[in-house]
Amino acid sequence: MKKPKDLNLETLSLHAGNKPDSDFGSRATPIYQTSSFVFQDSETAAGIFNNERAGHTYSRITNPTNAVLEERISSLEGGIGAISTASGQAALFLAITTILGKGSHIVASKSLYGGSHNLLEYTLPRFGITSSFVDFRKPKNIKSAIQKNTGLIFGETLGNPGLDVMNIEMVSNIAHQNKVPLLVDSTFTTPYLMKPFDYGADLIFHSATKFLSGHGVVIGGLLVDSGNFEWSSNKKFKTLNEPYNGFHNMKFVEEFGPAAFINRARKEGARDFGACMSPHTAFLILQGLETLSLRMEKHISNTREIVSFLNEHKDVKSVSYPELENHPDNKLAQEILPRGCGAVFTFEIEGGLESGKKFIESLNIFSHLANVGDAKSLVIHPASTTHHRMNTLALKNAGISESTVRLSIGIEDINDLKEDLDEALKQANR
Amino acid sequence: MYYHPIQQKINNSEPIIFIHGTGMDHTVWTLPVRYFSRKKTDVLAIDLPGHGQNKDKPLDSISKISTYIYNFLDKYKIQRCSLVGHSMGSLIALEMASSRPERVKAISMIGTAFPMQVNEALLESAKSNPQIAINILTFMGYSFSSRLGGNKTPGMWMTESTKRLMQKSKKGIIYKDLKACSEFTGGLDKAKKVEAKVQLILGSNDFLTPRIKAQDLIDNFNQPLVQEILGSGHSLMMEEPNKVLDYLIQLFNN
């Protein structure tokens with residue numbers, strides 16, 4: 001019997017979710033720039049609203065262009081379904097609030113993107129959700145941080161900006177032993193470098209603003225459900241296994257089985273929180289995804305050369321990149337990130353804060369801005385910008401000092417990038 | 001027996017009973033169940049023994065499963081019913097309608113064929129390494145076009161959703177289900193005995209139960225209603241949920 005052959009990532013990046021449109025045969029995914037959709041008749045309208053029929057009602061909840069993107073990211077990650085959101089932060093918020101509420105607790109990695117840290121540390125407690133931040137390299141710390149009310153474990157595939165490599169298999173084992181799902185921010189790795197569901201993650205979100213779209217032209221997020229986590233009969237997850245008044249007492253685990261989470265997220269979170277992605281944004285992310293593998297290949301080859309270049313540079317104190325032998329996660333990175341450890345990394349410049357400022361201001365090709373994952377190379381000083389709300393201890397935990405500089409390596413000519421960096425380093429220490 | 005919680009009344013009703021296929025459970029029927037329920041029609045989307053939330057011991061033949069369902073109906077004093085079955089579920093519907101014709105008003109057989117022979121290699125995989133069988137069933141269970149997505153239900157990736165449902169089935173279930181399909185005999189004679197209204201909903205690109213392999217069944221039923229969905233594979237409720245619903249409405253409204 002002929003064995004089934006699933007399509008590969010490079011093919012799915014171009015085709016998944018999309019069919020030439022039935023009216024005009026448009027090969028590219030059309031942008032359905034509409035707020036709402038005309039119903040064939042009253043009965044059809046009632047059917048779609050009551051979840052008897054498949055279809056679209058209002059673009060805050062679903063839209064055909066966004067649906068293509070949602071299917072595409074699901075296919076690339078090996079998930080059962082996804083929801084596109086206004087930003088990566090919106091995707092994180094949607095993931096958390098779909099299953100947690102007042103009195104819930106999250107165990108999170110201490111090495112998080114500043115925005116995620118803000119949400120967990122300062123904002124969610126106002127709504128009764130608290131978090132403990134622990135070192136994900138230490139299983140004991142994760143286990144001891146889990147409380148009776150812990151409903152989620154959350155970390156990043158590659159911590160921002162210190163590039164801690166999450167041992168997803170180890171963390172997910174701990175999570176599942178405690179009947180808690182693992183949510184992973186996979187923004188830095190993308191499915192090109194790693195698929196967290198293969199290692200036991202239950203939910204993934206992306207800031208699609210970064211490598212997925214790849215050109216720094218949109219803000220968007222994606223939340224993907226593996227469909228693996230067993231929500232039923234777990235009293236912590238009442239939103240999924242008890243009747244929901246907001247949808248005719250629907251019990252999501254009983255009506256949708258493995259798809260309970262993603263259906264609740266759409267039927268409640270997308271509907272009520274309203275942080276939806278515009279169809280035009282979805283189109284631009286789809287365009288970006290078409291070249292994901294080509295761009296990531298170039299991002300990684302450029303990054304490897306620049307890491308090596310800076311690592312040997314006299315004006316650089318140290319470089320933090322998991323492929324370097326002195327990185328604490330070097331061995332793990334070799335195992336789970338053989339295609340590369342992303343294109344974002346940090347280094348410590350000789351001369352401290354003042355040299356760092358001078359260095360950034362002397363760069364010509366690198367753009368000084370608060371983003372990563374653009375096709376263009378980027379630079380920032382995390383302590384004074386993206387992570388400035390963290391206190392000294394939190395900064396230290398996240399691997400950030402005052403002389404830390406973060407680079408996001410683009411796909412420009414490698415020699416031009418090296419020359420730009422070399423010249424700026426000279427200026428910084430002049 | 002586990003049945004879809006949307007159903008409030010069971011005793012003495014004349015429900016439409018939805019019967020899932022290999023390795024599946026009642027959740028494959030959520031959309032039509034919600035429709036018929038809103039229309040005040042009694043509906044039961046059941047989990048077969050060993051499937052979904054049904055804790056009973058799995059059964060390995062179509063006739064045993066049919067008897068099991070009839071026992072359930074007797075328990076709740078359900079004298080007559082209609083049956084909607086997908087794939088293996090369609091054979092169960094045929095068995096029930098032919099063995100007790102007076103108790104069945106209508107049957108809809110979705111993604112069906114007779115015989116429903118299962119390749120030996122697939123059976124062996126289902127026994128020794130179910131994941132391989134799941135991969136094959138999912139791959140063959142969708143048209144090429146649907147393998148690339150384009151789901152009518154926004155944002156859901158069809159093939160992986162099907163895999164996940166099957167992966168959650170209990171050990172040995174997929175093998176027993178496939179064996180039951182493969183060993184089902186006498187389908188054409190049974191078709192002749194059916195007194196109920198009969199509908200067949202078939203996918204033109206079905207690789208598991210190809211359209212042509214339903215023709216003998218069609219020829220042996222008494223004036224069946226044959227609905228073909230162009231472009232659809234075997235997973236018709238996923239690939240064309242609205243068309244399947246429209247055809248079911250057509251059957252039950254007449």
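Two strands are taken to pair if DSSP finds at least two bridges between them, and strands themselves (E, at least two residues), like helices (H or I, at least four), are DSSP runs numbered from the N terminus. The structure is a predicted model, in which local features need pLDDT of at least 70 and side-chain atom pairs count only at pLDDT 80 or more, whereas totals for chains, interfaces and linings use all residues. Residues are numbered from 1 along each chain as its sequence is written, and chains are lettered from A, with ligands numbered from 1, in the order in which they are written.

In chain A, an open sheet of five strands has the order 8-9-12-11-10, with mixed pairing. Strand 8 (316–320) and strand 10 (367–368) of chain A stand at the edges and have a single partner strand each, so one side of each is left without a neighbour in the sheet. Strand 11 (378–380) and strand 12 (404–408) of chain A run antiparallel and are joined by three bridges; A:Leu378 has A:Ser408, in strand 12, as its bridge partner.

Chain A is divided into domain 1 (9–288) and domain 2 (292–428), with bounds that come from an automatic or database domain assignment. The centres of the two domains, taken over C-alpha atoms, are separated by 28 Å. Their contact, where residues count if their C-beta atoms, placed from the backbone, lie within 7 Å, takes 31 residues from domain 1 and 36 residues from domain 2 of chain A.

Between chains, the contact takes 36 residues from chain A and 33 residues from chain B. Helix 3 of chain A gives the most to the side of chain A that touches chain B, with five residues.

Notes
Two residues are in contact if their C-beta atoms, placed from the backbone, lie within 7 Å.
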